[in-house]
Every structure is written in C-alpha cells, then in structure tokens.
Amino acid sequence: MRSNLCNRCGSCVGLSGGAIVFEDKTGKYLPSLYRELDTHKADRIWHACAGKEFDFPKYNETIYGKDSKFHQYTGAYKNIYIGYSNDKKIRKNSASGGIISSVLIWLLENNKIDGAVVLGMSETEPWMNEPFIATTKEEILAAAQSKYTISSVNEILPKIEKFNGKLAYVGLPGQVQSIRKLQAVNDVSVKNIEYIFGPFYGNTLHFSSVISFLRSYGVKNYRQINKLYFRYGEWPGNMRAELKTGRVIELPKFHANYLIPFHILKNSLLCTDLSNEFTDISGGDAWAPVYEERGKGFSIVFSRSDKGQQILDEMLQDGWLTLDPIDVNEAITIHSHGYDLKKRGAFIRMKFRKWLGKENPDYGYIIKGFSVSRYIMEFLTDALFVVLGTKPARFLVEKIPPHTIGKIFEKARTIWKKSTHKTKRQNLN
Ligand SMILES: Cc1cc2nc3c(=O)[nH]c(=O)nc-3n(C[C@H](O)[C@H](O)[C@H](O)COP(=O)(O)OP(=O)(O)OC[C@H]3O[C@@H](n4cnc5c(N)ncnc54)[C@H](O)[C@@H]3O)c2cc1C
C-alpha cells in the first residue's frame, strides 16, 4: 500500500484487532503490519479495502436499484437541493449550511438513532482529529465542521460493532465505500449502521500542512496547539490555531487553501468520487457567486436513497431545513471545477500512472475521450503538485507571510480557473 492506493480509511486497522496500526500519523500516516494475520482476518480486511477496488456500477445497482436517477458525475440521486439548517446556531457552527449536523441531531431527537459516528478533535492531542460515537446534540455540534487533515474514521469499527443501538455514520467517500463493501457481505462490524452520510470530497492534506502553517507564524512546535479549527466562524470560516500560550493564529479559508498543493495527500487525486456517491444523503459547499456573496453557509445536498429522501421530507415538514430543488445540470455547473478534477483529472492521472507502470484502483468504470488540451492541463497540474510537494518548495513557502501567499494563491487560482474555464466546462453536462 505504499503505492498511493491507501486512502487511510482505517478499516484495516479497525478490523485487525491490533495487528495493523497507523504509523507516523503526523507524517506519512500509513498502516503497518505488526503481527501476522490468520487467513480469515486477512481475507476480511482485503475485502474491506476500497483503496484498491470498488465497483461503482455494481454498488450503484445493488444500493439504489436500476431505475434510480443517475449521472456518471454525481452518482445516483432522488433529488438535489441548495439549502441550510434553519437553526442559526447549527448553521453558523458548521462547515457550510449545517445540513449534516442537523440531520444527525434530528435523527437523535426523534429516536431514529442512538448515536452518530463523527469526527472530532482529540482531547489529549488537540492537533489531531479523532473519530468517536456522539450520543448527544452537544457532541454532534462539537464535531461539526470539516477537518482537512487525513482522517481514518473506520479505525473505530470495533466500537461501532460493540455499540448498543442504531447508528448514523458520517465519512469521506473512501471510508463510505469500505463500509458499503462490509455491508454487502453482512459483516458484523457494520450491523449497527442504519444511515450513511458524508461530505463532498476534493482532497485531504497531510499533517505537515498544520506544521507548516504554524512555522510560517514562527511557531516551531505543533504541541503548542490547544485548539485547531479548519473553518472557524461565519462561512466560509478561518483556519485557526489557539495556542497554549493564549496566542491565536487565524487565516481566511480561501487564503489557507495555499497549503493544498504543498501538502495534498496524493491518494486524493486518485479518488473519482466528489459528491460521496454511496451515502443516503451527501452535502458540499454551494460554490456559486450567488451564494458566496450572501456570506452565510449554503450547502448543496443530494438525497440518494429512499431513506435519505424520507429524512429530508420529514425535516422539511418539521421546519428544520430550507431546501430549494435544483437540477443535475445546475449541480454539475456549481461544482464544475470539482467534477472536472474527479471525473476527468483522476482518470487522466490514472492513465499517466499506467504509462509509468504503476498500479491503479479498479473502480469498475472508466471515463475517457478527453481533449488534448485537457491532457496538457492535467500534465501541468500534476507537475506542479510534484514540484510544490518537495521539501525545498515547502521550506521556501514558509518564508513568505501566510497573508501574502494566501492572497497570491487566491489570485493565481482565480486566473487559473478563468483561463481553464472553457476546457473544464467543455461537454461537462
Ligand atoms: C476533507 C474534506 C474535503 C472536502 N472537499 C470539498 C470540496 O472539494 N468541495 C465541496 O463542496 N465540499 C467539500 N467538503 C465538504 C464541506 O467542507 C462540508 O463538509 C460540507 O459542505 C457539509 O457541510 P455541513 O455544514 O452540512 O457539515 P457539518 O454540519 O459541519 O458536518 C460535517 C460532518 O462531517 C464530519 N467530518 C468533518 N471532517 C471529516 C473528515 N475529514 N472525515 C470524516 N468526517 C468528517 C464531521 O464529523 C461532521 O459530522 C470537504 C470536506 C472534507 C472533510
């Protein structure tokens, strides 16, 4: 799994009974085998790994049925909406519109679940994220907002299995895919999971992003962190580190995005699932000027299964949410950059890897037939990621004040987006 195929979902660690552990979570964050596994356990773990294989067409058909509405970019869906939680506190406290947190709280308060698998920040090591089972509204709220460093939610499969009651589960696409694989073979570890939700997924960052962020402000030791947020405050929020000394370091999210090319987890670039296609409900940011200008969090929301649709319908009736339907073409246009990255870029990248003799994940489908300009654009982007991911590049960027590099990055990104707009939007719908 040192071939970039590991998405760090954590299933192998969770199912191994201590034989596999993640090493160096602040560094490469890779699973390592500590003890031999018996054949049964090894087979179970191998099956659960979605990093090497996940058959999109097969799972689409078995989970959502042949007749579900479907688009190759978005996956199966019942309806698509733009919306937000009507609870101002939840909305402000969340990553975008607070839909995911609201759904979890509504399910809990209506006794449809007894707990929710979410990702919070560790109490003992507050710079690391940590999955846990929330059983109160307060715990769900404490776990809201996106964590952009690597998360391995499925490490807690043993706790999920032992939990006494019904659970909702929140995870990134690779984590959800592994849960779906386990559900398909009725694995006991996922028997308590009743609902699956998840955020959209562009990419995740190595922990080196946090280290580098601090260093740029002259802070040498990440253990100084008392609290770490990736989207603190009103939408889109700030990256914010509160230090034990009382010092607070904060940078607007759009500026903190400069960390992406320097610290991106290369496996994110092999993921072809932007909108968390195998959930009951998934949600992302509504990245469109009309919503961005309003300055409050708006989510794009997909209901995918009957269960997911029923939850949204009942929440609407109860006055918990505001949701305006949009059609699939609008959804794709809002996220044209993300869909282009995942449904074109990832397949071109896999082709490059194949030419280099590298192994690729098997997703059971391939999208091809892109223009020459799209190939060139991908080559340039990948080359940039390789160069900026090197130690000298990371070292140099730390010498520039984050506010300056953040502004430069935002400007460069706007220019890049405008100049590649035509290539990206071509035949997108
Ligand atoms: C790594 C990452 C990359 C993303 N990339 C994009 C993108 O490219 N485009 C886009 O539109 N949206 C992206 N999102 C989604 C976006 O940031 C919001 O999470 C989404 O809009 C849902 O907002 P909300 O207000 O409904 O969620 P909230 O109500 O804030 O709830 C978020 C839920 O997600 C869980 N969670 C947070 N981080 C993680 C994580 N790393 N792993 C597992 N569970 C987690 C939390 O525990 C919480 O339950 C990304 C999110 C993450 C975590």
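Which backbone atom type of Ala143 lies 3.1 Å from an oxygen atom of the ligand? In this predicted model, the atom concerned is a backbone N or O atom of Ala143, placed 3.1 Å from the ligand oxygen. The protein covers 96% of the 910 Å² of accessible area that the ligand has on its own. Two further polar pairs involve the ligand. An N or O atom in the side chain of Tyr148 is 3.2 Å from an oxygen atom of the ligand, and a polar backbone atom of Gly284 is 3.2 Å from an oxygen atom of the ligand.

Helix packing was examined for one pair. Two packed helices are described by the angle between their axes and the distance between the axes. For helix α15 (residues 336-355) and helix α16 (residues 372-388), the angle is about 80° and the axes are 10 Å apart. Angles of 65 to 115 degrees count as roughly perpendicular, so α15 is roughly perpendicular to α16. On the α15 side, the contact is made by Asp340, Arg344, Gly345, Ile348, Arg349, Lys351 and Phe352. Helix α16 contributes Arg374, Tyr375, Met377, Glu378, Phe379 and Asp382. The residues of this contact divide into 5 nonpolar, 1 polar and 7 charged.

Two sites were noted for their backbone geometry. Most residues other than glycine have a negative phi, and most peptide bonds are trans. Trp235 and Pro236 are joined by a cis peptide bond, with omega about 0°. Pro236 is placed in the loop between β10 (225-232) and β11 (238-243). Asp24 is found in the loop between β1 (20-23) and β2 (30-33).

Methods. Residues numbered from 1 in each chain as written. Predicted model: local features only at pLDDT ≥ 70, side-chain atom pairs only at ≥ 80, totals over all residues. Heavy atoms only, no water. Polar contact = N/O pair within 3.5 Å; in protein donor to acceptor, adjacent residues only side chain to side chain. Areas by Shrake-Rupley, 256 points an atom, 1.4 Å probe, with all protein chains shown as cover. Axes fitted to C-alpha atoms, helices over the stretch in contact; angles between N-to-C directions. Helix = DSSP H or I, 4+ residues; strand = E, 2+ residues; numbered from the N terminus. Parallel < 35°, antiparallel > 145°, perpendicular 65-115°, else oblique. Contact = heavy atoms within 4.5 Å. Nonpolar A, V, L, I, M, F, W, Y, C, P; charged D, E, K, R; others polar.
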